[in-house]
Amino acid sequence: MSHSQMKSPKASRIYDHSMKDRLFKIFNYTVFTILTLICAYPFYYLIINTISANNLSAGGSINFLPRGIHFQNYIDVFNLSGLSTAAMISVARTVIGAICTVLASAFLGFMFTQQKMWKRQFWYRLVVATMYFNAGLIPMFITMKNLQLTNSFWVYIIPAIVQPFNIILVKTYVESIPTSLQEAAEIDGAGILKVFYKIILPACKPILATIAIFSAVGQWNSFQDTLIYVSKQKLWSLQYLLYSYLNQAESLATLVKNSGSAAMANAATQQTATSIRMTVSVVVVLPILCVYPIFQRYFVKGIMIGSVKG
Amino acid sequence: MQQTKSISRTRRKQGYKYFLMILPFLILSFLFSYFPLHGWIYSFFDYKPALGLSGSEFVGLKWFKILFGNSTQMRELLRVLRNTFAVSLLSIGTSFFPLLFAIFLNEIKSKKFKRLVQTLTTLPNFISWVLVYSIAFSLFSTTGMVNSLLQNLDITDTAIRFLDSNNLTWLKMLLWSTWKGLGWGSIMYLAAIAGVDQSLYEAARVDGANRFKLMRHITLPALLPTYFVLLMLSVANILNNGMEQYYVFQNAFNKESIEVLDLYVYNTGITGAGYSIATALSMLKSLVSVSLLFCVNFLSKKLRGESII
């Protein structure tokens, strides 16, 4: 039957068409499979190498499956001087920074919808305008220095509290909430703070979740502020520590080798420059991998934050 | 009469109260955005941090004259500008990649596969540049995975220096930023595709349009406005490459080609302690960027009747 169909010119065109379609599908699936592998493989490569025998991974022979599985690397890197402090700093700046930004954005976004505020439009524009310029590296550095923020933990938090784009997001969101809610609460005698706390905060949950997750990831990944404003090693974030390890991994390996915990280690668990570098990398990326499934839901709103800020 | 007056008075009082409540935040905004602008005057001084501004010597336009008059400095500036433009233009030239990515991904019918692709290609966007460099180091250093593989397969005897060499530096930087940003960049387009009226596709299919015609005549036009806005923004940001990517990848071998403006300002300003000349340069950069943004915005208003900022 298919043979007879092939003979009619019309059917052969359909056949042609579906052939082209099939080729397209094969091409499309192949290209996307390759792209996906290129994006995912490096993470996989890091992880299998950190749990494989260190002498094998240093020789570059672990490419597809882990061999000689052990978890000594993770125990050893946490004994590295500085890593647990840096982890604490990173966690603290992520949590405190995200909370501050979320609360400030929520509050300001809400307050800027209050028509009664004295010169509301002017203040709003003043804040929003800051998105479009910056003073530059050196003036910022000198300002931070004069404000006594260099070499202080608060340099991670305070400058990041007021984020104009987040404020715009919240303001737009609040404007979509019926004002009758606020009016009813005010008739019942609620002050502005109570309205904010009891009505606006719960109603804005979705947008605040987006802001929370994106500012948390931003805080966790931030590297430049440590580089520019902080020289005290106690205040280094994990990202900065990783960067410093990347530049001095050889000497680190000797450091670990000579330390007590690894004294009787064999070749498979003996720390090498490679094992330290990769293990710390996995420690840095693991929290991102863990929260990633959750924040996928907030991507579309988030990209607006990213595109305007960037 | 008396009553309305008192109402308006309490209203005004409340207005001041609201203002006072946001005042602390306004101060923060002022402190970290407007106040640092005063630092631009450092570019007219020979600023030494130890002496403070009052102790530093006023030098007028000296730094600007050096930037543009001194031939060594001029050559430096040209090199940095060449790097900046090369990197920016490469990224503007490939800015349609996420658009294509979205259009082609939309043609995949398997929801599971689509989701998997989206999940895994977006992931690199959420890691820092330091981590990207760490990955680059693991894969492409002289003892990295790629070199071991090439040597084991007897393709090459000596390790190829992917990272510490100055070959194709701009292209490598483009590849890394594409690796990091492609999946993420396509999300906005995928969202726009999801918003396209499905009846358009059905009507076109009834009229005999095939897959490629649908992609070309319905999906693509639906995405072009978004593309245009992003393109305009990247043109406005042509001088702003950021420094993080280039900072982590820079080394003695590739410094010549990797130093973009932002990185150069850091290297001369903070590392080299040339505060004043770096400020002069970044001030010029800021002024050009803001004017570019206004031009682009004006252009967008003229062409599309919509502003982008």
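**Chain B and its interface with chain A**

Leaving aside residues up to four places away in sequence, A:Phe133 touches B:Ser286 and B:Val290, a contact being a pair of C-beta atoms, placed from the backbone, within 7 Å. The model is predicted: local features need pLDDT of at least 70 and side-chain atom pairs count only at pLDDT 80 or more, while totals for chains, interfaces and linings use all residues. Residues are numbered from 1 along each chain as its sequence is written, and chains are lettered from A in the order in which they are written.

- A:Phe133 sits in the loop that links helix 6 (120-129) and helix 7 (137-146) of chain A; helices are DSSP runs of H or I, at least four residues, and strands are runs of E, at least two, numbered from the N terminus.
- Because 15 other C-beta atoms lie within 10 Å, A:Phe133 is partly exposed (buried means 20 or more, exposed 12 or fewer, partly exposed in between).
- A:Trp220 is 87 residues from A:Phe133 in sequence and 24 Å away in space, C-alpha to C-alpha.

**Interface**
- In total, 64 residues of chain A are in contact with 71 residues of chain B.

**Chain B**
- Chain B contains 15 helices and 2 strands.
- The C-alpha trace of chain B spans about 80 × 70 × 35 Å along its principal axes.
- Of the 309 residues in chain B, 30% are buried.
- Among contacts in chain B with a separation of 6 or more, 65% join residues 24 or more positions apart.

Terms used
Two residues are in contact if their C-beta atoms, placed from the backbone, lie within 7 Å.
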